[in-house]
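The sequence and the structure are shown first, and the notes by topic follow.

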Amino acid sequence: MLKAAFTFVLILTFLFTKAERDSLSLQQKRIITYGSVGTGLVYAGSMTALGKAWYSNQSDGSFHFFNDLHEWGGMDKLGHITTSWWITSWLTDLQLSSGLPEKGSLNRSALTTAAFMTTIEVFDGFSKGYGFSISDMAANLSGIGSAILQQKLFGEQILLLRYSFMNTPEPNIRPDLLGKTQTERMLKNYNGQTYWISFPLKKILAPNSGFPDWLCLSAGHSISGYLNADGTAPVNLCGDPFYKSRSFHEWKLSLDIDLRRIKWRSRFWKAFTSTVRWIKIPAPVLSFNARNGVLLTPIEW
């Protein structure tokens with residue numbers, strides 16, 4: 001892994017400075033070089049941790065493809081889109097705040113995100129329980145494209161893609177698949193995840209209204225009752241021979257807060273809010289699903 005990380009650093013440093021070599025100052029070149037080294041180290045550490053948490057004892061030694069487009073109610077694809085968008089937009093903001101040009105910053109962010117996400121797909125390709133997924137790659141590219149498009153159109157990320165998680169009972173029935181520890185469940189238990197698209201009310205709906213800049217409306221999607229990927233197959237894992245996974249989709253509306261738009265003259269605050277932009281702020285949620293109809297949850301984490 002360290003060898004791969006150092007190779008990754010060298011490739012990034014070369015690609016990131018070649019196109020802009022003549023126009024960048026010495027300080028900007030140093031920022032890119034140090035950033036490349038840091039990215040390589042983060043890459044090595046995160047891939048090692050992911051390999052232990054998700055892929056331990058999964059490798060079968062042969063690379064293969066797998067079509068998982070219709071699994072887990074589409075939640076896996078929303079996760080790929082959200083993750084790719086966040087990495088790309090966060091890296092772009094980090095570079096812009098360091099004084100680097102927008103075009104090069106977008107290119108570096110897109111390449112770095114693609115490298116991270118493609119590595120995960122390669123891991124999947126060598127894993128007996130998974131496989132290299134073309135639809136996952138399409139979702140990754142969609143997330144990257146969303147970040148780039150917004151930056152070019154608006155000069156910032158107007159629409160935020162966000163994530164929230166609540167514990168659900170399904171992992172107690174299938175801890176091997178849905179996670180044994182809290183960290184594993186936040187990654188593997190799609191029943192507890194909700195993916196949101198959040199937009200500022202003032203900027204999108206009513207620019208001249210009295211809405212504060214930070215107030216957002218979020219629309220979300222989640223699933224429930226999935227004990228396996230297709231959500232419909234009979235399972236006999238809870239001591240009840242008549243138990244079947246009772247799966248359904250759920251759509252949600254909620255208020256949200258874009259912490260980046262709360263003005264506070266602090267470098268720490270700016271860095272913190274930029275980093276956690278992918279996290280949905282807990283708030284009341286109005287939800288609808290075919291099983292229970294319309295529900296109002298006073299607070300959802």
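This is a predicted model: local features need pLDDT of at least 70, side-chain atom pairs count only at pLDDT 80 or more; totals for chains, interfaces and linings use all residues.

Which residue is the bridge partner of serine 222 in β4? The partner is glutamate 250.

**Overall composition**

- The protein chain contains 10 helices and six strands.
- Of its 301 residues, 44% count as buried.
- The chain exposes about 16100 Å², of which carbon and sulfur atoms supply 65%.
- Among contacts between residues at least 6 apart in sequence, 70% join residues at least 24 apart.

**Architecture of the sheet**

- The six strands form an open sheet in the order β1-β2-β3-β4-β5-β6, with antiparallel pairing.
- β1 (160–165) and β6 (293–300) stand at the edges with a single partner strand each, so one side of each has no neighbour in the sheet.
- From one strand to the next, the twist averages 25°.
- Strands of a sheet pair through backbone hydrogen bonds, in either a parallel or an antiparallel arrangement.

**Strand pairs, in sheet order**

- β1 pairs with β2 (residues 193–200) in the antiparallel sense over six bridges, and leucine 160 stands opposite serine 198 in β2.
- β4 and β5 (residues 283–289) pair in the antiparallel sense over five bridges, with serine 287 in β5 as the bridge partner of lysine 252.
- β5 and β6 run antiparallel and are joined by six bridges; alanine 283 stands opposite glutamate 300 in β6.
- β5 and β6 also form a hairpin, with three residues between them.

- Helix α3 (residues 75–97) lies across β1, β2 and β3 (215–224).
- The direction of α3 is at about 45° to β2.

**Helix α10**

- In helix α10 (residues 267–275), the buried residues are Trp269, Thr273 and Ser274.
- Viewed down the axis of α10, these buried residues fall within an arc of 125°, so they line one face of the helix.
- An α-helix has 3.6 residues a turn, so residues three or four places apart point the same way.
- The buried residues of α10 pack against α3, the helix that also lies across β1, β2 and β3.
- The exposed residues Arg267 and Phe268 are carried on the face of α10 turned away from its buried side.
- At the start of α10, a side-chain oxygen of serine 266 reaches to within 3.3 Å of the backbone nitrogen of phenylalanine 268.

**Serine 287**

- Serine 287 lies in strand β5 and counts as buried, at 5% relative accessibility.
- Not counting residues up to four places away in sequence, serine 287 touches Glu250, Trp251, Lys252, Gly293, Val294 and Leu295.
- One of these contacts is polar: the side chain of serine 287 meets the side chain of glutamate 250 at 3.3 Å.
- Serine 287 and alanine 219 are 68 residues apart along the chain, while their C-alpha atoms are separated by 9.6 Å.

**Tryptophan 72**

- Where does tryptophan 72 lie? Tryptophan 72 is in the loop between α2 (26–54) and α3.
- Tryptophan 72 has a positive phi of about 55°, although it is not a glycine.
- With a relative accessible area of 9%, tryptophan 72 is buried.

Technical notes:
Residues are numbered from 1 along each chain as its sequence is written. Side-chain values use heavy atoms; hydrogens and water are left out. Two strands pair if DSSP finds at least two bridges between them. Helices (H or I, at least four residues) and strands (E, at least two) are DSSP runs, numbered from the N terminus. Axes are lines fitted to C-alpha atoms, for helices over the stretch in contact, and angles run from 0 to 180 degrees between N-to-C directions. Contact means heavy atoms within 4.5 Å. Buried means under 20% relative accessible area, exposed over 50%, partly exposed in between (1.4 Å probe, protein chains only). The arc is that of the directions from the helix axis to the C-beta atoms. A polar contact is a pair of N or O atoms within 3.5 Å; within protein, one must be able to donate a hydrogen and the other to accept it, and residues adjacent in sequence count only if both atoms are side-chain atoms. Accessible areas come from the Shrake-Rupley method with a 1.4 Å probe; for residues, only the protein chains shown count as cover.
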